Amino acid sequence: MQTFPDSTAVSVVETSATEYTRETVTVDFLYLDNESCERCIGTEQALETALTRVEPILEPLDVSVVVRDIHVDTLAAAKATQLAVSPTIRINGRDIQSDYRENNCESCGDLCACPGEIDCRLWHYRGTEHTTPPVEFLVAALVQAAVPEQSSSDITREKASEGISANVASFFGDADASGAGGCDC
């Protein structure tokens, strides 16, 4: 095996052949404080519950989930992770709710020595705001990431737009260009 560069940008993972075919969904849980912030704690608990509920769905799909727990504890870390709001859940690098809202988080305000309020994320789901993401919202986001974006009906329409199928061509046999004809029986 070749020697790969020793780098912070490149990581080499040895994977067994049986794991090679599995699709992997990467979940990043980014937060400022999961010991005192009620929203960070609640989000972590909701994520754990969602992962437990989605596991029986993902197993037959041959999909595995990798969760990266990322404590953002400095301004430099916030810049490096591009953390805009805490807590944040990203699936495959994308914030599951990029159009976030914030409001005063009293538990974080108690931690901060600076004057004023500290705002944390509000999750909105089905017309309601929540201080922690609803488990069913997280389950839906995880399943959506695991299932290919293209539905079978989209595939059928796409194939139809490519021209006639061999089955239809066979039905018309050697029909002339006028469209007259039928099966050759």
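Two strands count as paired here if DSSP finds at least two bridges between them. With that in hand, welcome to a few close-up views of this predicted model.

**View 1. Strands β5, β6 and β7 line up in an open sheet.** The three strands follow the order β5-β6-β7, and their pairing is antiparallel. At the edges lie β5 (101-104) and β7 (128-130), each of which pairs on one side only. From one strand to the next, the twist averages 45°.

**View 2. Strand β6 meets its antiparallel partner β7.** Look for the three bridges that join β6 (residues 119-125) to β7. Tyr-125 has Thr-128, in β7, as its bridge partner. Helix α2 also comes into this picture: α2 packs on the sheet, where it touches β5 and β6, and its direction makes about 40° with that of β6.

**View 3. Helix α2 crosses helix α5.** Two packed helices are described by the angle between their axes and the distance between the axes. For α2 (residues 38-58) and α5 (residues 135-146), the axes come within 9 Å and cross at roughly 45°. That makes α2 oblique to α5. The crossing is right-handed.

**View 4. Thr-74 sits in a loop.** The loop lies between β2 (63-71) and α3 (75-81). Thr-74 is partly exposed, with a relative accessible area of 41%. Leu-32 is 42 residues away from Thr-74 in sequence, yet their C-alpha atoms are 8.8 Å apart in space.

Key: Residues numbered from 1 in each chain as written. Predicted model: local features only at pLDDT ≥ 70, side-chain atom pairs only at ≥ 80, totals over all residues. Heavy atoms only, no water. Axes fitted to C-alpha atoms, helices over the stretch in contact; angles between N-to-C directions. Helix = DSSP H or I, 4+ residues; strand = E, 2+ residues; numbered from the N terminus. Parallel < 35°, antiparallel > 145°, perpendicular 65-115°, else oblique. Left-handed = near helix turned anticlockwise from the far one by under 90°. Buried < 20%, exposed > 50% of the residue type's maximum accessible area, 1.4 Å probe, protein only. Contact = heavy atoms within 4.5 Å.
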